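Visitor: I would like to learn how to read sheets and the helices on them. Please show me.

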Amino acid sequence: MNWKIPLAQVSFNTAEKDAVLRILESGWISMGPETERFEGEFASYVGAKYAVAVSSGTAALHLALAALGIGPGDEVIVPSLTFVATANAVLYVGAKPVFADISGPDDLNISPEEIRRKITPRTRALIVMHYGGYPVQMDLITDLAREHNLKVVEDAAHAPGSVFQGKNLGTWGDIGCFSFFANKNMTCGEGGMVVTDNQEQADRLRILRSHGMTSLTWDRHRGHSFSYDVVATGFNYRIDEIRAAIGRAQLGGLEENNRKRRAVTRSIREMLKEFDEISVPFPDECLDGLSCHIMPVLLREAALREHFMASMKQWGVQTSVHYPPVHRFSVYKDRFPANLPLTEDVAAREVTLPLYPAMTSEQISYIGEAVRAALPG
């Protein structure tokens with residue numbers, strides 16, 4: 001469909017085109033020096049000692065749990081109001097996902113109090129997802145993890161550039177995971193990054209990323225190694241040089257694009273204040289220093305959503321839902337039942353409106369007209 005206002009829009013310019021051409025002309029397109037530069041620049045940007053580029057955000061989550069030694073018999077506490085990859089990664093390593101509820105309609109992130117209630121003797125780790133780039137209360141999370149000797153993985157797919165108490169999201173826990181999928185704040189189509197301050201974990205991430213091999217094709221190309229050993233059952237989760245180059249270009253524009261996202265978010269939130277049937281999660285004053293990845297709103301009643309989204313479509317405004325709760329999917333609901341009343345209430349009423357850096361004031365006004373027409377008279 002040719003949307004008048006799409007849900008998201010990629011922010012590319014000549015920097016990305018020049019980056020791709022430079023790699024094509026170099027003659028080396030599999031993982032190599034460009035990836036190393038991307039990793040170094042990303043680590044410096046978020047304030048981590050080590051960054052490991054991978055093929056997707058999902059691969060990042062899988063490798064994070066594997067590098068931390070999570071496996072069969074272990075439990076990992078996860079949110080349900082997230083993309084399914086957050087929980088799938090737990091199954092990939094043979095562990096059991098334990099779903100925890102959100103804080104409430106004003107804070108769609110996993111609740112620290114709920115996490116505490118879900119801890120058992122088998123709990124080894126927890127995954128927090130910074131919904132929309134709005135931070136989980138990481139000070140409380142890290143205190144809780146230390147108290148119970150738990151590992152913390154941050155799903156920061158929505159949060160590149162988001163800061164909490166002066167520290168970048170993704171660097172509070174043991175390992176942080178980022179996604180560079182097409183709709184993310186910075187994108188290279190497919191790709192991801194894992195960050196950590198632990199050298200042992202970083203070394204294991206690199207080994208697991210590439211089949212468990214002790215050297216890479218690039219190492220052998222440079223004459224640094226003539227053969228290799230395989231020391232772990234690894235995976236093919238490498239990124240390539242083209243995507244790494246695009247990622248570097250996108251990283252260079254991330255701060256400015258996040259600034260524009262915050263400005264657009266403030267304008268949309270202000271516009272929505274006239275509608276009693278709609279509330280907006282997270283307080284206005286929390287926007288400073290955030291990535292503002294998506295624009296979630298909550299309808300007063302779940303029964304309004306089908307008509308609302310259909311009407312918005314008629315106006316040419318794309319909407320979505322973030323997210324159908326993971327614990328209600330067929331593959332999860334019978335194996336891992338959970339009682340999450342706040343998650344289920346919010347998930348039934350949530351609608352995601354368009355948000356991207358290049359959005360104009362005229363487009364925001366048009367969204368307001370579409371919203372007015374979509375709500376009951």
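Guide: Start with terms. Two strands pair if DSSP finds at least two bridges between them. Helices (H or I, at least four residues) and strands (E, at least two) are DSSP runs, numbered from the N terminus. This is a predicted model, where local features need pLDDT of at least 70, side-chain atom pairs count only at pLDDT 80 or more, and totals for chains, interfaces and linings use all residues. Residues are numbered from 1 along each chain as its sequence is written, and side-chain values use heavy atoms, leaving out hydrogens and water.

Visitor: Which residue in strand 13 is the bridge partner of serine 279?

Guide: Leucine 298. Strand 12 and strand 13 (residues 295-299) run antiparallel, joined by two bridges.

Visitor: What is the strand order in that open sheet of three strands?

Guide: The order is 12-13-14, with antiparallel pairing. Strand 12 (278-279) and strand 14 (350-353) each have a single partner strand, so one side of each lacks a neighbour in the sheet.

Visitor: Which strands does helix 10 touch?

Guide: Contact means heavy atoms within 4.5 Å. Axes are lines fitted to C-alpha atoms, for helices over the stretch in contact; angles run from 0 to 180 degrees between N-to-C directions. Helix 10 (residues 305-314) touches strand 12, strand 13 and strand 14, making about 15° with strand 14. Helix 12 (residues 341-349) touches strand 13 and strand 14, at about 50° to strand 14.

Visitor: How do strands 7 and 10 pair?

Guide: Strands of a sheet pair through backbone hydrogen bonds, either parallel or antiparallel. Strand 7 (residues 151-155) and strand 10 (residues 175-179) are parallel, over three bridges. Glutamate 154 stands opposite glycine 176 there.
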